[in-house]
Amino acid sequence: MDANEIYKVAFSGDEKPYYFLPFRFKKKNNKYLLVNDLGDYIWLDANDFHALINYRIDKNSSIYKDLITRFFVIDDDSHGNIEQIVIRYRTKKAFLLSFTKLHIFVLTLRCNLRCTYCQVSRKNIDANKQKYDMNEEIARKSVDLMFKSNAKDISVEVQGGEPLLNFDILKFIVEYSKKQNRLYNKNIHYTLVTNLYEIEEEIITFLKHNNFYVSVSIDGPSFLHNLNRRAPNGDSYERLKINLENLIGELGAEHIAGLLTVTRSHLHYPKEVIDEYVQLGLNSIFIRPLNTFGFAKNILESIHYSVEEFLSFYKGAIQYIVSLNKSGIRFVERYSQILLHSILTPFASSFVDLSSPCGAGIGQIVYNYNGDVFTCDEGRMLGEMGDYTFRLGNVLQNSYDEIFLSDKLQIICMSSCNECLPGCSDCVYQPYCGVCPVYNYYTQGSIFGNFSTNNRCKLHEGLFDYFFDLLDSSSAPILESFVKF
């Protein structure tokens with residue numbers, strides 16, 4: 001069926017000056033924000049919006065031309081746009097063609113810090129290595145399973161606990177994956193997630209030689225970092241600062257990603273946190289809210305906050321980051337970059353949590369220290385709490401087909417298609433957002449969730465509201481530059 005036939009079938013019936021293509025809308029600040037299935041958006045004032053829906057828009061106006069070119073309406077002269085729409089939608093969903101890019105290896109549950117918000121049910125550093133560390137057999141079988149993915153680009157992420165406590169297995173995974181890749185010829189990228197409390201020169205040399213990216217948690221100035229990321233001697237910040245300086249000197253700041261987990265203690269210090277990152281020589285920060293899995297659940301009342309309080313902190317941080325960029329200091333917040341990428345480009349989000357369906361299994365997979373395979377890191381965290389709903393199998397017992405083609409994974413994927421979920425399907429931000437079945441299950445008892453009372457939904461609606469307000473202001477050029485950072 002060609003474009004002409006599609007047009008006749010879709011828009012047959014009463015004669016109209018133009019026809020609507022699918023879009024959602026929301027009234028904001030006495031204007032209307034319209035977003036279509038492709039993620040294109042347009043602002044209309046009240047008069048133009050009511051003229052549009054009543055078929056009274058002047059077809060010679062610039063507004064009408066924008067509505068045509070941005071795929072909100074179609075007419076007899078523009079029905080060829082359907083072919084462009086198909087191409088654009090295929091581009092948005094192209095991530096589905098590259099099955100499982102992100103492979104997370106949990107090398108150990110042991111850790112040398114006692115963070116207040118720990119979400120993985122860590123074990124003490126002197127805990128039984130045989131019980132809580134990944135061994136060579138599990139590492140080998142996990143890498144073998146990884147190479148069965150059809151993705152050309154593979155990201156290997158190693159984490160814990162503190163993965164450097166099992167450095168021999170980290171080396172094995174890298175060396176074995178490189179050896180196996182002679183057969184598969186994939187593009188492999190390595191990332192280490194570490195607290196950077198202990199790192200020797202040998203390790204830094206290894207990371208540099210293998211072109212690692214390093215993600216490290218930094219909670220801001222020393223009084224905040226030491227409060228939330230507790231070391232046996234009471235001061236984790238000074239060792240972090242020294243080790244980070246050495247790491248930046250060898251790898252470069254562009255290879256280091258700083259991560260902030262916001263607790264109640266941070267809420268009044270967005271500027272101080274950003275200043276600390278800049279002073280440490282970093283050019284970015286990833287700000288995330290608390291995750292209430294693991295040990296964090298036990299002390300939730302003392303460290304938690306409302307969605308509104310997090311949004312207030314986040315907005316304060318973004319406003320300060322925008323002012324830094326205006327003054328000539330290049331700095332970016334990575335989650336805003338991800339959200340803006342979805343809004344401002346025709347491409348799908350690279351962030352599995354904002355995909356539809358979400359990345360559980362099909363975008364990411366987790367190989368736990370004991371060989372268990374989970375849909376995602378959140379599913380693994382739930383498993384450490386004794387609930388194995390999101391465990392897909394074990395590398396020692398199950399084949400690729402049993403894990404990745406299972407009914408369980410298909411149901412989980414189905415539950416995260418926000419195009420057809422009540423509360424999501426008619427949300428103006430649906431094309432940019434994603435659903436987390438693990439969060440829904442853990443907080444609301446159903447993988448399908450209830451979005452009228454869902455705090456994750458509330459948080460993202462607040463974030464998108466904020467960024468669309470900024471995009472409609474003088475800050476728009478700065479935000480657009482974030483995407484290219």
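This is a predicted model: local features need pLDDT of at least 70, side-chain atom pairs count only at pLDDT 80 or more; totals for chains, interfaces and linings use all residues.

Reader: How many residues does helix H10 have, and what span does it reach?

Author: Helices (H or I, at least four residues) and strands (E, at least two) are DSSP runs, numbered from the N terminus. The expected span of a helix is 1.5 Å times one less than its number of residues. H10 covers residues 237-251, so 15 residues. From first C-alpha to last it reaches 20 Å, close to the expected 21 Å.

Reader: Which residues of H10 are buried?

Author: Buried means under 20% relative accessible area, exposed over 50%, and partly exposed in between (1.4 Å probe, protein chains only). In H10 the buried residues are Tyr237, Leu240, Asn243, Leu244, Leu247, Ile248 and Leu251. Down the axis of H10, they fall within an arc of 140° (directions from the helix axis to the C-beta atoms), so they line one face of the helix. The face turned away from that buried side carries exposed Glu245 and Gly249.

Reader: What do the buried residues of H10 pack against?

Author: Their partners, in contact (heavy atoms within 4.5 Å), are helices H8 (201-209), H9 (222-228) and H11 (270-279), plus strands S12 (213-217) and S14 (256-261). Just after H10, Gly252 takes a positive phi of about 95°.

Reader: How is a pair of aromatic rings described?

Author: By the distance of the centres and the angle of the planes. Rings of Phe, Tyr and Trp (its six-membered ring) pair if their centres lie within 6.5 Å; planes under 30 degrees apart count as stacked, over 60 as edge-to-face, and the rest as tilted. The count here comes to 32 aromatic pairs. Take Tyr190 and Phe212: centres 5.4 Å apart, planes at 25°, so the pair is stacked. Tyr190 lies in strand S11 (residues 187-194) and Phe212 in the loop between H8 and S12, so the pair ties together parts 22 residues apart in sequence.

Reader: Are Tyr190 and Phe212 buried or exposed?

Author: Tyr190 is buried at 4% relative accessibility, and Phe212 is buried at 1%.

Reader: Where does a charge sit over a ring?

Author: The rule asks for NZ of Lys or CZ of Arg within 6 Å of the ring centre and within 35 degrees of the ring normal. The charged end of Lys31 sits over the ring of Trp43, 4.9 Å from its centre.

How values were computed: Residues are numbered from 1 along each chain as its sequence is written. Side-chain values use heavy atoms; hydrogens and water are left out.
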